[in-house]
Amino acid sequence: QVQLVESGGGLVEAGGSLRLSCAASGRTFSSYDMGWFRQAPGKERELVGLISRSGVSTSYSDSVKGRFTVSRDNAKNTVYLQMNSLKPEDTAVYYCAARASAYYGFNSWGQGTQVTVSS
């Protein structure tokens with residue numbers, strides 16, 4: 001497994017931007033697809049962005065498409081979530097996660113970072 005630590009969360013006004021980072025250590029980072037999830041109070045955890053191990057392929061939930069961008073730097077063992085045009089409904093704890101294969105799913109998780117968007 002890989003160890004993950006998120007950073008970059010905070011309080012921002014609606015319409016603002018934040019960039020989250022997730023630093024990985026342990027096994028070979030480039031062997032993992034990486035996902036960004038979020039969970040708001042009383043709601044289920046949601047996958048908001050996914051990036052392939054090479055970084056060539058990305059996908060997004062409809063709720064963030066066009067506003068959020070996932071990227072990675074395999075030389076720095078880091079994945080990023082650039083969040084633009086933030087809305088109050090984006091308020092949640094954001095987690096990064098790693099999976100070695102789609103079959104086994106995400107089995108390494110960070111501790112999460114809080115993002116709060118004020119109206």
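Colleague: Which residue stands opposite glutamine 114 in S11?

Modeller: Valine 93 stands opposite glutamine 114. Please bear in mind that this is a predicted model.

Colleague: How many bridges join strand S9 to S11, and in which sense do the two run?

Modeller: Strand S9, residues 92-99, is joined to S11 by three bridges, and the two strands run antiparallel.

Colleague: What about strand S2 and S11: parallel or antiparallel?

Modeller: Strand S2, which covers residues 10-13, pairs with S11 in the parallel sense, over four bridges. Within that pairing, valine 12 has valine 117 of S11 as its bridge partner.

Colleague: Which residues of S11 are on the covered face, and which on the uncovered one?

Modeller: S11 spans residues 113-118; Thr113, Val115 and Val117 form its covered face, while Gln114, Thr116 and Ser118 form its uncovered face.

Colleague: Changing topic, how many disulfides does a search of the whole structure find?

Modeller: The search finds one disulfide. Cysteine 22 and cysteine 96 form this link, and their sulfur atoms are 2.0 Å apart.

Colleague: Where in the chain are cysteine 22 and cysteine 96?

Modeller: They connect distant parts of the chain, 74 residues apart: cysteine 22 is in strand S3, residues 18-26, and cysteine 96 is in strand S9. Strand S9 also has the three bridges to S11.

Colleague: Is the link of cysteine 22 and cysteine 96 right-handed or left-handed?

Modeller: The link is right-handed, with 55° about the S-S bond.

Colleague: And cysteine 22, buried or exposed?

Modeller: Cysteine 22 has a relative accessible area of 0%, so this residue is buried. Cysteine 96 is likewise buried, because its relative accessible area is 0%.

Colleague: On to the backbone: what is the phi of asparagine 77?

Modeller: Phi of asparagine 77 is near 55°, which is a positive value in a residue other than glycine. Most residues other than glycine have a negative phi.

Colleague: Where does asparagine 77 lie?

Modeller: Asparagine 77 lies in the loop between strand S7, 68-73, and strand S8, 78-83. With a relative accessible area of 27%, asparagine 77 is partly exposed.

Colleague: What is the phi of serine 85, and where is its place?

Modeller: Serine 85 has a positive phi near 50° and is not a glycine. Its place is in the loop between S8 and S9. Serine 85 is partly exposed, with a relative accessible area of 42%.

Conventions:
Residues numbered from 1 in each chain as written. Predicted model: local features only at pLDDT ≥ 70, side-chain atom pairs only at ≥ 80, totals over all residues. Heavy atoms only, no water. Buried < 20%, exposed > 50% of the residue type's maximum accessible area, 1.4 Å probe, protein only. Pairing = 2+ DSSP bridges. Disulfide = S-S within 2.5 Å.
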